[in-house]
Each structure stands twice: as C-alpha cells, then as structure tokens.
Amino acid sequence: MTEITRPKEGFLNVFAYRTISRDEYFVRGHRACQGCGPALGLRLIMKEAGPNTIVVNATGCMEIISSPYPYTAWNVPWIHVAFENAAAVASGLEAALKAMRKKGKLPADEKTNIIVFGGDGGTADIGLQALSGALIRGHKLLYVCYDNEAYMNTGVQGSSATPFGASTTTTPAGKVSFGQGYWKKNLVAIAAAHNIPYTATACPSYPLDLMRKVRKALDADGPTFLHMFSVCPTGWGTPPELTIRLGRLAAETGVFPLYEIDHGKYKMTLNQPEGLRPIEDYLRVQKRFRHLKEPEIEVIRKRVKEEYERLRKLEAFTQEA
Amino acid sequence: MEVSLAIAEAARQADVDVVSAYPITPQTHIVERLAQMVADGDLKASFITVESEHTAMSAAIGASMPGARVFTSTSSQGLALMNEIVFLAASMRVPVVMALANRSLSGPISIWNDHSDIMSVRDVGWVSLFANNGQEAYDLTLMAFRIGEDPRVMLPVMISFDGFILTHMIEPIYIFDDAEIEGFIPPYNPQFKADPKTPMTFGPVGVPEIYTEAHKQQDAALRGSREVIDEVFADFEKRFGRRYNAVETYMTDDADVVLLSQGSVFETTQLSVDELRKEGKKVGAVELRMWRPFPFADLQAALKNAKVVVVLDRAVSFGGQAGPLMSEVRSALYPMKDAPPVIGGIAGLAGRDIMMEHYREFFDMGYRYLETGKEPEVITIVGLRQ
Ligand SMILES: Cc1ncc(C[n+]2csc(CCOP(=O)(O)OP(=O)(O)O)c2C)c(N)n1
Ligand code: SF4
Ligand SMILES: [Mg+2]
C-alpha cells in the first residue's frame, strides 16, 4: 500500500468541547466503522436536539449501523421506512402532530423536534423529490443530509454528490477515465430555492459550529436544511484517525465551505483571513483522488476558487441588502 | 349521491386526522371533497398535498406513527408508484385506510376501469375488500377503520370499488347521521406510537435471524383479522341492518354453473342469472368480496354444489395459467374433496363494457365444459374484437 502523507501541523488541533451536554441520544455500541464522520455528526446533532425529538432516517449507512434488530442506538423515537421517502414520512408525521394538537389529542403547546437524516444518495438523488415536497409545503422539520459523497451502504457507488474526479465503484478511475466526470450537485442552493427560513452547511469537525446551526434550524419557523460534510474513511480510503482533520481541510481548502443562509442572507461561518489552503492538502491524503493528474486538479482548483468567491459575493450582496 | 362523495363522507365521519393523497382519475372526487371539507372546517384534519403517490403512502405511514387516523385514496398508476411503500405500511403495522378506485394499469395508458391495479398488490399484506355498489363502498370505508385499528389486527385496509362505474355514479346511498354512527368506530389509540416520552425504534433492520419470524407474525395478523372482520360485519348488521359476507352468493344452492366475479359486475351477473333462470337454466353467481385474508372455507362452502365454476377475471396475468382471480379460486378449491372444476375467461378490461350477451357467453362456457369436458383456451377473452 502506498504511504499516506499525514499533515503534521495542527494534527492534534482537536479540542475537548467540555461545554457540550453529556447526554446521549444516539448512543455508542452501534456498528459504524472506525472514524465514521456521519456517526459523529449524528451524535452531536442529537446532543443539541435533546430528548424531545423524533428522528426519521432514510435507508443508508446510518440506518443500518444503528438498528440491527433487536439492538438500537436510538434513545428517542426513531422511524425508518425506506430509502427515498424520509422527507415524505416526516411530512406525514409533522402533519399528524399538528392535527392532533389542534384536536386536543396532544397538548396544544407541545413542541417536538422532527429531524430527518438522509445520506447524499438518499437526498441529492433518489429522495430529492420528496425533499422538495416537504420543504415547499412548509412542514416544520430539520432535514440533515449527511454527505459522505457516495452510496456507501451499498459499496461506494457514485452519487450526484460524489465530487469531480473521485473514483468510486461506479465511477472508477481507469485507463481512459479519471473518475466522477461532473461537478457535485449544489444541494444547499436547491434547498434555499424553496425559500425556507434557514439552510446551512456544517461538518462534525467543527462541533460547536454544527450544534449552533442545529439550534438555529430547530428554532426556526419552518422547514430547515443542513448539509453536513461527513468524512467516510471506508469509502474514501482515508485513515480513520484523520476524519476530523479531513473535515477541517475540506473547509480550509474551500472544497466544502461552511456558511449559512438565514432568511435569504448568506454568511460565511468560518473565518479564513489567510485565504484558502492549497487544494492538494485535501486531495493527496485520499485514495479516491490519488489517480488525479495536474489537468484535473487544475479544474478542481479553479472551480473551488470560483465557487468560494461566488459565495463571498453572495454574502456581501445579501448582507448589504 | 355520487359514490366518491359518499366515501369522502365516510372518512369525515371517521374523523380522520390526516388525509394524504395525490390526484389521479378516477379517484379525484374523493380527495377534492375531503380537501373542501378541511377548507370549510367540517373536517378537522391535515390535508397534505403531496407531490406523488409514493409520498402519499410514505406520509400516511409517518402520520400513523404518533397515533393519527389516516386516510388515502388512489388508482392504478398511483398504486403502482407507491407499491414499495404499500408493503411497508403492512409490515410497519399502520392501519391506514385506502379507497382504491380500480382502474387499468398502463400501457397503453387508460383511465378506465378494470382490476389490474388491485391484482398487482395481491401479496402486500393488507386487508383487502371489494365493494359492489355505492352503499357498500360507503359502509365498507367506515368499517375499514374499525377493522384495521383493532388491536388484534393493526393492519392497513384497502377497499376496492370500480372506477367510473362506481366513483362517478350517482346512486341512492343511505348516509348515516353523525349521531347514528357515533360509537361505531372507537377512538384510535395504538399501543406503540412515536412519542418522545417512550422512545421506540420503528422499522429496524430485519436481520436474517428475525425476518422470517416477522413475516410469520405478519401473516398470522392478516389471517387473524378474519375474526375481527366477521365481528365488525356482525355488529354492523346488528346496528344498521345490512349484512356483509366474505363470500356473497346468489342462487347457488341448486346451481350447476356458477359465475364468480368481484366488484360491481356481481350485480350484473345476478341480472343475467335471473334471465337464464327464466329459460330454466340452473345458474348462480358468487362474489369473492374478501380478497385478503382469503376466505378458503367460505368459498369452498359456497361452491360445493356447483358442477362447474366459471371465473370472470378483470385483469390479465400475461403468460400465466389464467386471470389472477381464476388462479386463486382454482387453487383454493383444489384441496376440496370432489372439488368442482374451475374454468374462466377475461372480460371488461379498461372500461370495455360487459354486455348481457357476454355474461351469457360465460355461462355457455360452463355448459360447454359440462358437455365436452374440454377447457376453454388459455386465455379466453370474452368480447374480444377479432
Ligand atoms: C428504492 C431503493 N433503491 C436502492 C436501494 C439500495 N440502497 C440502500 S442504501 C443505499 C445507499 C445509500 O446511500 P446514501 O444515501 O448516500 O447513504 P450512505 O449509505 O452513504 O450513508 C442504496 C443504494 C434501496 N434500499 N431502495
Ligand atoms: S462506510 Fe463510511 S459512512 Fe458508512 S459507517 Fe463506515 S465510515 Fe460511516
Ligand atoms: Mg452517502
């Protein structure tokens, strides 16, 4: 196996966030791989959401690893029905709670968080229609897409959230192909186009930022969407102990910028006064990108910069307005 | 009253909490009426204008989870689109009620009536009953809530009734006063529900060690629902005087040739029995109202005196042994001692009218069989243009 270069500086730049609640609602003992980014994200999100929450989970890694009967990792009511319909199931749940409150079958002032977890495949591809329906109808729920950038549960197949140039089992790099041939779908823009009150990107490598966004989303008056970048060591070919680091590198290189759209106002939520890090810092530690040559890397470099600048402009424009 | 509106009225009287449905001809009048009732405050429910039938059924399951009463309705393509989730409604044991306005499945695209939609969901695990006229569609929709929500059942229930032939028909239908129906459907309060006070996991992974047992349990629940359905039919008769049976019979006691069908054609088969009886022919008619759970003993009892049973199928099983109804009836009678032979044909696909001469042709098929002992060709379509 080729040796993987590990960035030295800041390697241990991970704080113990002592202010975070010790209560667990997505508890240990589940079957996620070592260094699983999505599992860490779910744990943090649930800590913020607390016990008065009902979770709807799409089929995918997080569903499989947390619910092999008779075990469960969920300390809140948890519902899994199918792959592409989590947003639809949650729509019905929300509509039911509303009706039951109105009819006195539940206390009128009762407030239960509804959180949906779907993978990138379950959200950007097969579940996009159900998501769009839920967002436009205005159901009060938080939809979290934990994006590990491929269909991991079925064995690392490419999705429309798989990044340009990544090699997956259905977008393999080969003699005449460099892997995924198109740019990652912009889920946040799609969600925001539904004019929902709050949309954000986040990453468990920034726990406090993630949890602050979860709080904002849960407190918002309407549907909200969180696009959570989630490192998957198994699917990406990265060492498990680099999960946190890789999440940070994705943000610092601009590959996955952290920002929020609060009632139409864009705001970059990661302060980067020194500018973006070189893209290679992020790419070179991952097996899925290892085959990339300079021409493809240049495409990524250019596009990442453009997208980042576009976001900065949107921030300036909407904050001013 | 138009039959669709009567069905909407039944859902209102059941005081449903959530209606989740997507428009499709010929189901539309039912959900339009329910939407209007919600808009007028006559029905206190959330009406979810879902973006597809797949979501209609998904949202119905989600809505059931905290203990809401849920109604939905669809037809053909809508049922086909939601197919994946129809199975899940049964395995997740949510007592959703679905009014299925039977319509042919495309292609070619057709909005008209036959039974190809319902036949495509034979093995989904729902309680499945047929209505023959508007009154039955209304009565059965009311009973469906009580059947499905019974703690001994906890399964979804679908009521089939023929698209256009019933949905768009204006018939005299006796609609109960709200006070009259009071208490017939007890409040729904399931034992397990999605409630943060009692965290539970719904829809976990069915590992190989448990999937088989889960299916056995689901089958036991569906078979066990028979007892509850009989109770509900009996109570309905006691309260309101109308009798429903798993298998309906007409002049079968001394009949040599019995024509078996489902849905609204049963009423016309009775007219044709009357006509042929006038000619001295000993014929009868049977309807298999209860499709699931399958009423084996009732069907065997109803057909035990017949010399031959002719099945009128309203769907094609391409390349199969016969229409789906005939396959089922034939195998249901197989274990009987001296089982009557079962033959059949297909008619009334996609709204093709079944005329009196066609019913006659079905009976003739039976007589020809009795004379020659030769089965009709597979597949015989009555009313086919050559
Ligand atoms: C209708 C349907 N199609 C395909 C599948 C198979 N399937 C189950 S999980 C999965 C991958 C999920 O990918 P993603 O949503 O990205 O979540 P991840 O596994 O990566 O966490 C697939 C393809 C399915 N369960 N249902
Ligand atoms: S494959 Fe990836 S996302 Fe799935 S459990 Fe393992 S690390 Fe987590
Ligand atoms: Mg994925």
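These notes go through a predicted model, from its ligands to its core and a few backbone details.

1. **Where ligand 1 sits.** Ligand 1 lies between chains A and B. Its shell holds 18 residues. The closest are A:Asp120, A:Gly121, A:Gly122, A:Tyr146 and A:Asn153. Helix α4 of chain A, residues 120-125, gives the most to this shell, with 3 residues. By type, the shell has 7 nonpolar, 8 polar and 3 charged residues.

2. **Backbone contacts to ligand 1.** Look for oxygen atoms of the ligand beside the chain A backbone. A backbone N or O atom of A:Gly121 is 2.9 Å from one oxygen atom of ligand 1. For A:Asn153, a backbone N or O atom also lies 2.9 Å from an oxygen atom of ligand 1. At A:Ala150, a polar backbone atom is 3.0 Å from a ligand 1 oxygen. On its own, ligand 1 has 580 Å² of accessible area, and the protein covers 77% of that.

3. **Ligand 2.** The residues around ligand 2 include four cysteines of chain A: A:Cys33, A:Cys36, A:Cys61 and A:Cys232. A:Ala32, A:Pro38, A:Asn148, A:Pro233 and A:Thr234 are also in this shell. The shell divides into 7 nonpolar and 2 polar residues, with no charged ones.

4. **The nonpolar core.** The largest nonpolar core has 86 residues. Within this core, A:Ile79, B:Trp126, B:Leu260 and B:Leu299 touch the most other members. Helix α3 of chain A (residues 86-102) gives the most to this core, with 10 residues. Domain 1 (3-240) and domain 2 (247-372) of chain B both give residues to this core, so it lies between them.

5. **An enclosed helix.** Helix α12 of chain B spans residues 324-333. Of its 10 residues, 8 are buried, so the helix is largely enclosed by the rest of the structure. Among the buried ones are B:Pro324, B:Met326, B:Glu328 and B:Leu333.

6. **Cis peptide bonds.** A cis peptide bond joins A:Tyr69 and A:Pro70, with omega about 10 degrees. A:Pro70 is in the loop between α2 (61-66) and β2 (78-80) of chain A. In chain B, the bond from B:Ser106 to B:Gly107 is cis, with omega near 5 degrees. B:Gly107 is in the loop between β4 (97-102) and α6 (116-119) of chain B.

7. **Positive phi values.** A:Val156 is not a glycine, yet its phi is positive, near 60 degrees. This residue is in the loop between β4 (142-147) and β5 (173-174) of chain A. A:Val156 is buried, at 17% relative accessible area. B:Met251 has a positive phi near 55 degrees. B:Met251 lies in the loop between β8 (247-250) and β9 (257-261) of chain B. At 37% relative accessibility, B:Met251 is partly exposed.

Technical notes:
Residues are numbered from 1 along each chain as its sequence is written. Chains are lettered from A and ligands numbered from 1 in the order in which they are written. This is a predicted model: local features need pLDDT of at least 70, side-chain atom pairs count only at pLDDT 80 or more; totals for chains, interfaces and linings use all residues. Side-chain values use heavy atoms; hydrogens and water are left out. A residue is near a molecule or strand if one of its heavy atoms lies within 4 Å of it. A polar contact is a pair of N or O atoms within 3.5 Å; within protein, one must be able to donate a hydrogen and the other to accept it, and residues adjacent in sequence count only if both atoms are side-chain atoms. Accessible areas come from the Shrake-Rupley method with a 1.4 Å probe; for residues, only the protein chains shown count as cover. Helices (H or I, at least four residues) and strands (E, at least two) are DSSP runs, numbered from the N terminus. Ala, Val, Leu, Ile, Met, Phe, Trp, Tyr, Cys and Pro count as nonpolar, Asp, Glu, Lys and Arg as charged, and the others, Gly among them, as polar. A nonpolar core is a set of buried Ala, Val, Leu, Ile, Met, Phe, Trp, Tyr and Cys residues joined through side-chain atoms within 4.5 Å. Buried means under 20% relative accessible area, exposed over 50%, partly exposed in between (1.4 Å probe, protein chains only). Domain bounds come from an automatic or database domain assignment.
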